[in-house]
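Keep the 3D view open and follow along.

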Amino acid sequence: MEVPDSIERELILPVPPERVWTALTRPDQLSAWFGTQATIDLRPGGEVIFSWDGSTGPHGTNRGVIEVVERPNRFAFRWQSSPDTVQMTRVEFTLEPHPEGTRLRLVESGFASLPPELRGGCHESNTRGWQRELGELAQYLAVH
């Protein structure tokens, strides 16, 4: 079975792009909806670390390197999509103004470069994970 190389999601958030940008890039806000703790050195080459304590699902830590910081439209990083591999996938958020607020587009790519024994499981797990996490982002922005 062939595994797609990427996961793509798009949603409309009823807040301005700058507000979404802040939720994606400030550690205190990022950790309120993505994992349970986040640290971020917001510059190309900076490190990003996401931790999950298991209280809302998975448990573990994922590390990454920031590639693109184009406030307030584009943010991208490479990260270990699985603690079981050193290969990284690339996560990119693109924000555009929309009549109802902001169009957020997420693309995580690079699954084809993961070891074959991890590829399918990582893609499946991250597909479910992004659905849950983007839902949490929408909820977070609705009340903050």
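Let's begin inside: the structure holds one cavity of 30 Å³ or more. For the record, on a 1 Å grid over the protein atoms alone, a cavity is a set of points where a 1.4 Å probe fits but cannot get out, and lining residues have an atom within 4 Å of a point. Points are joined across faces, edges and corners, and the volume is the space filled by probe spheres set on them.

This is a predicted model, so bear in mind that local features need pLDDT of at least 70 and side-chain atom pairs count only at pLDDT 80 or more, while totals for chains, interfaces and linings use all residues. Residues are numbered from 1 along each chain as its sequence is written, and side-chain values use heavy atoms, with hydrogens and water left out.

Which residues line the largest cavity? They are Leu24, Leu30, Trp33, Phe34, Phe50, Phe75, Phe77, Phe93 and Trp130. Helix 2 (27–33) and strand 5 are the elements that give two or more residues to this lining. The lining divides into nine nonpolar residues, no polar and no charged; here Ala, Val, Leu, Ile, Met, Phe, Trp, Tyr, Cys and Pro count as nonpolar, Asp, Glu, Lys and Arg as charged, and the others, Gly among them, as polar.

Now zoom out. The chain has three helices and seven strands, and along the sequence they follow the pattern β-α-α-β-β-β-β-β-β-α. The radius of gyration is 15 Å, close to the 15 Å that the globule rule gives for 144 residues, so the chain is as compact as a globular protein of that length. That radius is taken over C-alpha atoms, and the rule is 2.2 Å times the number of residues to the power 0.38. Helices (H or I, at least four residues) and strands (E, at least two) are DSSP runs, numbered from the N terminus.

The seven strands form an open antiparallel sheet in the order 1-7-6-5-4-3-2; two strands pair if DSSP finds at least two bridges between them. Strand 1 (6–13) and strand 2 (37–40) stand at the edges with a single partner strand each, so one side of each is left without a neighbour in the sheet. From one strand to the next, the twist averages 20°.

Eight bridges join strand 1 to strand 7, with Leu106 of strand 7 as the bridge partner of Arg9. Strand 7 pairs with strand 6 over nine bridges, and a hairpin of two residues links them. Strand 6 and strand 5 share six bridges, and Arg74 stands opposite Thr94 in strand 6. Strand 5 and strand 4 also pair over six bridges, with a hairpin through three residues. In the loop between these two strands sits Pro72, and the peptide bond from Arg71 to Pro72 is cis, with omega near -5°.

Finally, the helices. Helix 3 (residues 116–143) lies across strands 1, 3, 5, 6 and 7, at about 15° to strand 1. Helix 1 (residues 17–25) lies across strands 1, 2, 4, 5, 6 and 7, at about 160° to strand 6. Contact means heavy atoms within 4.5 Å; axes are lines fitted to C-alpha atoms, for helices over the stretch in contact, and angles run from 0 to 180 degrees between N-to-C directions.

Technical notes. 1 Å grid on protein atoms, 1.4 Å probe; cavity = no way out; pocket = protein on both sides within 12 Å on 5 of 7 lines; lining within 4 Å.
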